[in-house]
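I set out below what I looked up in the structure, entry by entry.

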Amino acid sequence: MNTIEIIHKKRDGQSLSKEEIEYLIQGYTNGSIPDYQIAAWAMAICFQGMNPQETANLTMAMVQSGDQIDLSAIKGIKVDKHSTGGVGDTTTLILGPLVAAAGVPVAKMSGRGLGHTGGTIDKLESIEGFSTELTTEEFLALVNEKKLAVGGQTANLTPADKKLYALRDVTATVESIPLIASSVMSKKIATGADAIVLDVKTGDGAFMKEEEDAIKLAKAMVEIGQLVGRNTIAVISDMSQPLGHAVGNALEVIEAIDTLKGVGPADLTELTLVLGSQMLLLAGRCQTVEEARALLEQCIEDGSALEKLKEMIQGQHGNPAQIDHPELLPQAREQIAVLAEEDGFIQQIEAEEIGLCAMKLGAGRETKDDQIDHAVGVVVHKKVGDAVKKGEPIATLHVNRVEEVPEVTKRLLQAVKINNQPVTPPKLIRCIVT
Ligand code: URA
Ligand code: CA
């Protein structure tokens with residue numbers, strides 16, 4: 001096979017065979033095909049696109065470029081959830097215990113965060129002693145016994161995607177639906193999911209700012225799932241403001257505990273119930289959305305979901321007493337209120353900027369070797385559409401590095417826009433793509 005001919009074919013808008021795609025991905029992974037040829041090919045894909053079968057073949061070629069996690073030792077259908085990235089998105093911390101309490105095994109592989117959002121592991125490490133360093137055997141045994149475990153990604157997963165994503169980042173080829181869809185799906189398939197629920201975010205704080213583009217991406221991912229035999233559905237949800245109120249690691253653990261107790265923020269609770277219901281359907285645990293939702297609500301009401309979180313923490317060497325007594329979680333030295341400068345209605349809360357404020361206080365990493373401060377972050381008390389009075393607290397900063405406060409306060413006040421006219425809040429759940 002000839003690399004130049006394959007690039008040529010894609011440049012001219014022809015579709016590539018499975019063998020041609022595998023040839024490129026294998027050659028790129030083992031170093032026999034150089035960056036510049038793959039960069040040219042990625043740019044050709046940006047212009048010419050890929051049909052669903054090509055996209056599915058690219059996905060599987062990337063899956064096969066590295067290790068694949070074998071979850072067959074776990075009984076039942078393993079459903080995974082993936083979010084395309086939000087600010088203060090605490091859903092994984094809530095969904096794991098909630099879905100496990102409803103009887104569906106959750107084998108969660110998570111990562112640490114880079115940039116303005118902490119990863120699920122960072123959040124869980126707010127809990128004293130909690131460890132994701134499990135052997136594969138320990139991980140599988142925990143899921144079989146307790147229906148829930150969170151593992152770190154230690155295996156060599158989708159190296160082709162890692163290389164390709166880094167190359168796309170510096171060649172202006174990130175924004176291509178087939179390239180994004182195959183990148184996301186390859187990682188989920190390599191971690192062993194039988195079925196996948198995707199939370200595709202749209203709005204200012206999301207990767208896909210326009211709803212139309214989010215739906216296109218969702219359709220491409222659902223199609224890949226169908227073509228490779230992993231049942232996939234996507235929920236399109238709003239990310240034009242942070243989810244819930246808290247952005248920060250221990251602060252989000254507290255928010256997750258509240259939600260599992262049934263007293264969490266309305267938007268976070270709703271999104272969790274919608275995503276969780278879809279997980280129960282794909283797992284074959286329930287036949288209708290109504291039945292699934294009722295079962296999840298029952299697991300919150302009877303305390304079994306919160307109990308499941310404690311079981312998981314205990315199983316992974318953490319201190320479950322911190323769940324009953326969240327005041328034992330890391331606490332920042334100072335809490336500083338940010339006060340509204342005028343009367344009106346909240347028009348916008350720039351999600352990404354709030355995430356960056358939390359990072360500035362130490363809740364996120366600027367480089368991958370940075371230490372995270374689990375205690376710090378931002379709690380935003382308002383939602384888009386809420387009325388606000390001058391002098392009223394719109395947010396609280398949880399701070400250890402007081403020298404950051406003047407700048408963060410200024411940025412936060414700019415990120416929360418106040419209008420003198422009433423504002424209609426954005427719709428949280430836009431649609432479901434199946
Ligand atoms: N996230 C991914 O994992 N891959 C992409 O290509 C874009 C966003
Ligand atoms: Ca949150």
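The entries run from the whole chain to single residues.

**Conventions.** I worked on a predicted model, in which local features need pLDDT of at least 70 and side-chain atom pairs count only at pLDDT 80 or more, while totals for chains, interfaces and linings use all residues. Residues are numbered from 1 along each chain as its sequence is written, chains are lettered from A and ligands numbered from 1 in the order in which they are written, and side-chain values use heavy atoms, with hydrogens and water left out.

**Overall form.** I looked up the secondary structure and found 17 helices and 13 strands in the protein; these are DSSP runs, helices being H or I of at least four residues and strands E of at least two, numbered from the N terminus. I then noted a radius of gyration of 22 Å, close to the 22 Å that the globule rule gives for 434 residues, so the protein is as compact as a globular protein of that length. The radius is taken over C-alpha atoms, and the rule is 2.2 Å times the number of residues to the power 0.38. The C-alpha trace spans about 70 × 50 × 40 Å along its principal axes.

I recorded 55% of the 434 residues as buried; the cut-offs of relative accessible area are under 20% for buried, over 50% for exposed, and partly exposed in between (1.4 Å probe, protein chains only). Of the contacts with a separation of 6 or more, 77% come from residues 24 or more positions apart, a contact being heavy atoms within 4.5 Å. The protein exposes about 18,100 Å², of which carbon and sulfur atoms supply 49%; the areas come from the Shrake-Rupley method with a 1.4 Å probe, and for residues only the protein chains shown count as cover.

**Charges.** I found 41 positive and 60 negative side chains, with the centres of the two sets 2 Å apart. Lys and Arg count as positive and Asp and Glu as negative, without His and the chain ends; each charge is placed at NZ of Lys, CZ of Arg, CG of Asp or CD of Glu.

**An open sheet.** I traced four strands in the order S6-S9-S11-S7, with antiparallel pairing. Strands pair here if DSSP finds at least two bridges between them. The edges are S6 (246–247) and S7 (334–339), each pairing on one side only. S7 is joined to S11 (residues 393–399) by six bridges, and Gln335 has His398 in S11 as its bridge partner.

**Ser110.** I located Ser110 in strand S2 (residues 106–110). Is Ser110 buried or exposed? Its relative accessibility is 6%, so Ser110 counts as buried. Leaving out residues up to four places away in sequence, Ser110 touches residues including Thr120, Val150 and Gln153.

**His374.** I placed His374 in the loop between helix H16 (351–360) and strand S9 (377–380). With residues up to four places away in sequence not counted, His374 touches Asp122, Glu125, Ser126, Asn249, Ala250 and Pro330. The C-alpha atoms of His374 and Glu211 are separated by 33 Å.

**Positive phi.** I noted a phi near 55° for Ala172, a positive value in a residue other than glycine. Ala172 lies in the loop between helices H8 (159–169) and H9 (177–190) and, at 62% relative accessibility, counts as exposed. His317 has a phi near 65°, also positive; its place is the loop between helices H14 (304–315) and H15 (321–324), and it is exposed at 55%.

**Ala166.** I found Ala166 in helix H8, partly exposed at 48% relative accessibility.
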